[in-house]
Amino acid sequence: MKFDTAYCISLDEKLSIYDVRDLNFDETLVFDSAKESFQCPNDDCRAAFDTANQLGTFNAKNVNYIRTPHFKNLPSTLHIEGCPYGISKSPGSIEGAAVEDDREEHFPSELLLTRREYLRRPANPTAAPQTPGNNPPVTPASLQTPHAGRDTTPDKTSVFAHPVECFVSNIDDKELLKRMPLKIGEHTASYASFFKKIEYLLDNKGLIYWGKIKEIKDYTQSFRIDFEHKVWFKEEGEAKKKPYSVNVYLSKKLVDNYRKRKAFLEEIKGAIDSQRELYCFFYGVTPTLKQVPSKKNPEATFGVFSANIENLDHFVIREAPGLEAK
Ligand SMILES: [Zn+2]
């Protein structure tokens with residue numbers, strides 16, 4: 001059984017596994033999922049057992065993952081009768097065995113552009129597990145707490161990797177991606193149309209663009225990511241369309257000030273050295289045509305579609321098996 005959310009005792013919040021990953025890598029916070037305790041997100045079920053009745057995590061701390069992260073039952077985990085998380089989806093399957101579909105089934109309906117914030121519950125080791133319903137709110141209402149007080153699928157997320165995993169792991173189910181809605185800011189579209197191949201970026205602004213990485217350059221001031229596919233574009237005065245390269249720049253200053261700097265550097269340095277096929281996903285900027293000086297002939301310039309990434313929270317480099325053929 002895969003869990004989309006779990007209750008985290010120390011934060012007194014229900015978290016998605018993507019929230020947990022974000023917390024693990026955040027250097028401004030003290031959080032290590034290996035030392036945290038997670039329990040069933042169903043309030044009634046959780047209240048029936050003590051805090052020793054816990055869930056495990058899968059791919060919570062792995063910077064580069066291929067298989068979909070999730071919470072899972074441990075061999076010792078108990079659920080009350082009727083708890084939706086206690087029922088194995090495929091009867092006869094052995095818990096813990098790799099029998100489940102390796103895909104993200106919980107599609108957030110919205111990517112929140114404001115990061116979720118957490119307040120840690122004051123340490124009180126003698127306190128018994130609180131009865132749900134009596135909990136005073138621990139988080140000011142002004143903060144984004146989309147999952148608080150719910151035991152169902154979270155329908156909003158502030159972690160970009162979550163909708164990206166939905167898209168990547170379900171790429172073979174085009175109909176599903178066309179059906180599922182995604183809202184970012186004021187714009188709502190299906191997953192299928194919100195995720196735009198980089199070569200078609202002229203179709204629409206403000207989408208999630210993605211493409212296969214051709215090369216990553218490590219410069220003094222920045223990283224440059226070159227995409228394999230080109231944009232076909234007809235410039236004014238030209239008779240027909242010509243192919244233009246596409247790239248994005250990440251300034252080193254942006255990386256150095258990033259709260260997940262270490263994990264990000266591991267991700268991008270691993271990608272530079274990698275022989276694997278990697279893909280880049282980003283949201284928030286749309287590459288536009290720029291004239292840059294030619295290296296071979298400094299007098300001349302050439303056109304390239306380029307953008308500067310402004311927020312690393314909305315940027316992912318990853319392996320994405322199955323994407324190439326689509
Ligand atoms: Zn349960």
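Me: What share of the chain's contacts with a separation of 6 or more comes from residues 24 or more positions apart?
Reply: That share is 64%, where two residues are in contact if their C-beta atoms, placed from the backbone, lie within 7 Å. Please keep in mind that this is a predicted model: local features need pLDDT of at least 70, side-chain atom pairs count only at pLDDT 80 or more, and totals for chains, interfaces and linings use all residues. Residues are numbered from 1 along each chain as its sequence is written.

Me: Which residues outside its sequence neighbourhood does Cys280 contact?
Reply: Leaving out neighbours within four places in sequence, Cys280 contacts Trp210, Gly211, Ile213, Ile225 and Ile317.

Me: Why is helix H3 called mostly covered?
Reply: Nine of the nine residues of H3 (161–169) are buried, among them His162, Glu165 and Phe167. Each of these therefore has 20 or more other C-beta atoms within 10 Å of its own. Across the 326 residues of the chain, 33% count as buried.

Me: What makes Cys280 and Phe167 stand out in the largest nonpolar core?
Reply: Both are among the residues that touch the most other members of this 64-residue core, a set of buried Ala, Val, Leu, Ile, Met, Phe, Trp, Tyr and Cys joined through C-beta atoms within 7 Å. At least three core residues come from each of domain 1 (1–159) and domain 2 (190–318), with bounds from an automatic or database domain assignment.

Me: Why are S7 and S8 called paired?
Reply: Pairing takes at least two DSSP bridges, and S7 (110–111) and S8 have two, in the parallel sense, so they qualify. In one of them, Glu110 is partnered with Lys156 of S8.

Definitions and conventions:
Buried ≥ 20, exposed ≤ 12 C-beta atoms within 10 Å, placed from the backbone. Helix = DSSP H or I, 4+ residues; strand = E, 2+ residues; numbered from the N terminus.
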